[in-house]
Amino acid sequence: MWRPPEKIRHRPASGLWPTRDEAARARLFAPLRYRALELAERTWVPAMVPWRAAEDGSVTDAVLDWYARFACGQPGAIVVEATGIRDVPSGPLLRIGDDRFLPGLEKIVQVIREASGGRTRALIQLIDFLTVRRRLPREVYLARFLRVTETHRLRLGMDGAEEAAVRERLLGLDEAALFDVLSDRERDDLDRGYRERVTDTDLPHIADLPARLPDLFARAAARAKHAGFDGVELHYAHAYTMASFLSARNTRADGYGGDLSGRLRLPLEVYAAVRAEVGSNFAVGARYLSEECIPGGNALAEGCEIGVTLARAGMEFLSLSRGGKFEDALQPKIGAAVYPYTGPSGYECMPSYISDARGPFGRNAIPAARIRQRLQADGFETPVVLAGGFHGFGQAEAALQEGQADIIAMARQLLADPDWPRKVRLGCGDEVRICEYTNYCEALDQKHAPVTCQLWDRIPVQNAARTQDGKRNMTAPPWSPEHR
Ligand SMILES: Cc1cc2nc3c(=O)[nH]c(=O)nc-3n(C[C@H](O)[C@H](O)[C@H](O)COP(=O)(O)O)c2cc1C
Ligand code: SF4
């Protein structure tokens with residue numbers, strides 16, 4: 001995991017907690033209504049993959065326990081983790097690419113309704129992603145996976161040679177010589193593992209993405225509505241397909257890349273297809289990046305244009321994240337896949353307590369404020385959801401009062417203590433377990449291990465469900481106001 005070179009240690013400070021009466025007057029606990037999005041309050045659990053789905057992508061009891069536990073804290077909304085829209089094997093990631101997933105998804109909605117007493121709205125994040133393979137040992141890549149071309153033969157002076165002979169020669173080259181023979185892309189495949197890009201239009205299934213994705217997203221959204229969700233969040237952020245279409249690095253020459261209007265074309269077509277399928281009484285929003293935080297990526301100026309365009313199209317909310325890209329991710333170990341939260345842009349997405357002078361708290365607040373200002377200047381009231389290092393009441397309330405956002409999302413803080421919204425609303429803020437921003441949870445995500453918080457294990461809980469190795473609690477310790 002990359003860290004800012006300054007390596008300054010920051011401590012989260014919750015600040016003062018409000019009394020129950022003060023909380024009742026706070027903007028954070030005021031309802032929000034915008035078209036089909038209706039929230040009892042402005043706290044929001046953003047999407048977090050907890051690696052609890054079954055191998056076939058279906059909902060397990062552990063998934064239900066996870067969402068029920070967040071719902072006990074009665075946030076304004078929970079966005080269920082990134083859920084795959086295709087009907088293809090994707091390991092233990094939730095899927096919504098076929099009707100057979102509906103019964104499980106319906107249960108998620110039920111547990112959120114029941115555990116929150118009907119206070120929390122249930123949304124689900126819809127994701128498409130391209131193939132990413134593990135990094136291979138050099139000899140395996142050169143002997144089996146590299147596609148031997150005429151360019152290699154030419155560079156090696158082996159015109160007309162058999163493929164096996166070319167591979168043999170490549171295997172014998174030292175690093176510098178091999179560097180000269182391979183293309184940039186082949187070197188990247190060797191160094192970091194093979195990864196598809198939206199610009200690989202020589203591959204028919206990549207060229208076809210604009211023809212296929214609107215329908216895939218629309219059907220997934222229809223299933224979400226059928227399962228009882230209150231809305232969907234289109235995943236246009238981080239390292240995944242739709243964010244790659246939006247990216248300034250998207251050079252597709254088929255009208256779906258190049259200038260910003262070309263890059264916005266597919267995101268708008270996906271949204272139009274989704275809206276046509278679910279109608280106007282269902283919330284549809286997007287998560288996208290205020291800034292990509294990579295060289296040559298979208299900057300805030302593009303973030304503002306994207307926001308205005310999606311608002312004009314009619315979205316119910318814009319959830320802003322930042323960074324989290326493959327392009328600057330650290331080289332994975334052999335046998336591991338590249339993980340988009342390990343480089344400088346990954347740091348911007350989930351900053352840890354070891355930081356630079358700006359610190360890890362609220363790094364996305366100023367960009368979000370600019371985007372919201374621009375929306376308002378253009379006459380849009382579309383709610384902006386802001387995430388990134390929020391943990392204190394004063395900090396969240398100030399961001400709302402200063403107009404940086406309309407809704408405050410807390411991922412790691414609500415993982416550390418899912419009861420934050422209820423505790424603070426009831427005047428029990430001094431009982432909040434504050435996140436330490438160590439990114440222990442994120443390291444589990446990287447290993448595709450069940451995500452838990454290290455703070456849960458410091459509290460003894462009788463008969464708590466444990467991870468398979470028996471070492472960690474699977475959910476946060478229970479809390480109720482009566483225990484005071
Ligand atoms: C374990 C874990 C899983 C995550 N999974 C997702 C995801 O599925 N979709 C997404 O958009 N963001 C995901 N994120 C990013 C968070 O939603 C959030 O943007 C980020 O953690 C910064 O917010 P925070 O400082 O409040 O944690 C994940 C974060 C964590 C820690
Ligand atoms: S493990 Fe817990 S304390 Fe550490 S960053 Fe994650 S949520 Fe916060």
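Sorted by class, the shell around ligand 2 has eight nonpolar, three polar and two charged residues. The model is predicted. The shell holds 13 residues, and those that come nearest to ligand 2 are Arg 412, Cys 435, Tyr 440, Cys 441 and Cys 453. Two elements give two or more residues to this shell: helix H17, residues 412–416, and helix H19, residues 440–446. The largest share is that of H17, with three residues.

Next comes a pair of helices. Helix H13 spans residues 300–313 and helix H15 spans residues 365–377; their axes come within 9 Å and cross at roughly 45°. Because of that angle, H13 counts as oblique to H15. The crossing of H13 past H15 is right-handed. On the H13 side, the residues that meet H15 are Leu 300, Gly 303, Cys 304, Gly 307, Val 308 and Ala 311. Their counterparts in H15 are Pro 367, Arg 370, Ile 371, Arg 374 and Leu 375. By class, this contact of H13 with H15 has seven nonpolar, two polar and two charged residues.

Pro 351 sits in the loop between helix H14 (344–349) and strand S10 (354–355). Is Pro 351 buried or exposed? Pro 351 has 26 other C-beta atoms within 10 Å, and 20 or more are enough to count, so Pro 351 is buried. Leaving aside residues up to four places away in sequence, Pro 351 touches Pro 360, Arg 363 and Gly 389. Gly 389 lies 38 residues from Pro 351 along the chain, and the C-alpha atoms of these two residues are separated by 7.4 Å.

Terms used
Residues are numbered from 1 along each chain as its sequence is written. Chains are lettered from A and ligands numbered from 1 in the order in which they are written. This is a predicted model: local features need pLDDT of at least 70, side-chain atom pairs count only at pLDDT 80 or more; totals for chains, interfaces and linings use all residues. A residue is near a molecule or strand if its C-beta atom, placed from the backbone, lies within 6 Å of it. Helices (H or I, at least four residues) and strands (E, at least two) are DSSP runs, numbered from the N terminus. Ala, Val, Leu, Ile, Met, Phe, Trp, Tyr, Cys and Pro count as nonpolar, Asp, Glu, Lys and Arg as charged, and the others, Gly among them, as polar. A residue is buried if 20 or more other C-beta atoms lie within 10 Å of its own, exposed if 12 or fewer, and partly exposed in between; C-beta atoms are placed from the backbone. Two residues are in contact if their C-beta atoms, placed from the backbone, lie within 7 Å. Axes are lines fitted to C-alpha atoms, for helices over the stretch in contact, and angles run from 0 to 180 degrees between N-to-C directions. Angles under 35 degrees count as roughly parallel, over 145 as roughly antiparallel, 65 to 115 as roughly perpendicular and the rest as oblique. A crossing is left-handed if the near helix is turned anticlockwise from the far one by less than a right angle, and right-handed if clockwise.
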